[in-house]
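Dear colleague,

I am handing over the structure below, and after it I set out what was found. Please read the notes with the structure open beside them.

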Amino acid sequence: MTELSPVVRERKLTPALTFMLAMISGLAVASLYYCQPLLGLLMSEFHVGSQEVGYIPTFTQLGYALGIFLLIPLGDCYDRRKLITLKGLLLMCALAITALSPSIFYLCLTSFATGLLATLAQDIIPTAAALSDPEHRGKTIGKVLTGLLLGVLLSRVVSGFLAEWLGWQMIYFMAAALMLVMTLMLRAVLPIFEPMVTLSYRELIVSLFRLLAGSAVLRKAALSQGLLGVAFSAFWSTLAVMLYDAPFHQGSTTAGLFGIAGALGAIMAPLFGKYADQVGAEKVTRLGTASVALSFALMTLVALMDVSVPVQLAVLVLTTILFDLGVQATFVAHQSIIYKVDPSALSRLNSILVVSVFIGMSLGGFLASHGYALYGWPAVTVLATVAGVFALIVRLRSEHS
């Protein structure tokens with residue numbers, strides 16, 4: 001491996017460039033979720049059942065997971081400006097081809113490609129970190145993360161609403177057009193990034209494991225955020241079912257309204273980053289993990305008590321806001337922490353952190369669905385509480401070490 005100087009030509013991060021980075025990050029990650037409100041329309045369009053149409057989001061997420069592991073590390077070895085441009089243009093093509101898909105089979109193929117290329121969103125975060133001054137890095141990451149999270153939240157709303165009027169194909173055509181415009185605009189203003197290391201692709205992937213093995217800071221950040229992923233997914237993967245069952249008997253609209261809590265977390269992300277810059281990211285991780293553990297402990301307590309449905313819903317709303325803020329604050333702070341491990345490996349460090357979140361979310365969803373089926377909602381909140389407590393313990397042990 002040859003170490004190169006971390007040069008970014010004409011390095012300057014302006015508010016306009018930060019906004020563009022946040023916007024394209026949101027558009028890229030939104031590509032993962034356009035399909036979810038459209039599944040009913042696709043069932044009718046292609047005359048298939050729920051099982052067949054369910055493969056579409058599955059293949060999309062599978063492509064995204066593989067892309068995080070296999071493509072994101074390339075940002076350390078190649079000019080990020082060229083990578084972002086290439087992936088943006090290819091994502092535009094994937095979205096346009098998706099709109100032209102003649103069957104569920106081809107939709108699954110194009111959805112896989114879309115997920116693979118939507119990892120463009122995760123290229124943007126280390127790009128913003130590289131352009132930012134170290135003392136403002138947390139705030140910058142928070143702003144970009146706001147765009148990413150709003151892309152996740154708003155994509156479902158916009159896709160579901162417009163598809164009723166324009167048809168599902170137009171959603172993908174419009175998304176492709178927006179991606180083309182934003183990619184070309186961003187290419188015009190992004191500086192050229194000199195690669196910080198020269199590695200073969202095999203060496204690059206192997207270096208992920210070396211980074212993880214060689215840094216206790218990285219391991220603890222990945223473990224703690226992965227545990228929060230368990231709690232996060234356990235809650236959101238069972239919330240709609242819990243609200244539908246007794247004693248709530250609420251529909252999907254009520255479950256969807258809980259997404260407002262996610263929007264609040266997204267809006268607050270820059271403040272979390274700024275706070276991490278001012279008081280230290282370690283303190284933010286401890287506060288964030290503690291709020292997650294406390295939120296789910298309160299949910300468990302209320303679930304086991306004999307209280308009225310309005311009181312249960314009120315507590316559920318408040319604790320949802322609290323735990324979501326904790327998860328987002330901790331994620332922003334963890335990124336600030338890991339980017340100090342090795343300035344020449346920003347993309348690989350981000351890849352490791354996000355993969356740990358995906359693993360945690362997959363495990364959390366699996367355990368929560370089985371726990372709810374066997375023991376009901378308290379099993380979900382106990383699982384999330386335990387995950388939050390262990391995440392807090394990891395951060396407290398980091399402080400002592």
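Arg137 belongs to helix H8, which covers residues 137-166 (helices, H or I, are DSSP runs of at least four residues, numbered from the N terminus). This is a predicted model, in which local features need pLDDT of at least 70 and side-chain atom pairs count only at pLDDT 80 or more, while totals for chains, interfaces and linings use all residues. Residues are numbered from 1 along each chain as its sequence is written, and side-chain values use heavy atoms, with hydrogens and water left out.

The Arg137 side chain does, however, reach the backbone oxygen of Ala129 at 3.1 Å. Apart from neighbours within four places in sequence, Arg137 is in contact (heavy atoms within 4.5 Å) with Ala129, Ser132, Asp277 and Tyr339.

H8 also gives the most to the lining of the second largest pocket, with ten residues, where a pocket is an open set of points on a 1 Å grid over the protein atoms alone, with protein on both sides within 12 Å along at least five of seven lines, and lining residues have an atom within 4 Å of a point. This pocket holds about 410 Å³ of space, the volume being that filled by probe spheres set on the points, which are joined across faces, edges and corners. Of its 21 lining residues, the closest to the centre are Gly26, Leu27, Ala30, Tyr34 and Gly151.

With kind regards

Definitions and conventions
Helices (H or I, at least four residues) and strands (E, at least two) are DSSP runs, numbered from the N terminus. A polar contact is a pair of N or O atoms within 3.5 Å; within protein, one must be able to donate a hydrogen and the other to accept it, and residues adjacent in sequence count only if both atoms are side-chain atoms. On a 1 Å grid over the protein atoms alone, a cavity is a set of points where a 1.4 Å probe fits but cannot get out, and a pocket is an open set with protein on both sides within 12 Å along at least five of seven lines; lining residues have an atom within 4 Å of a point.
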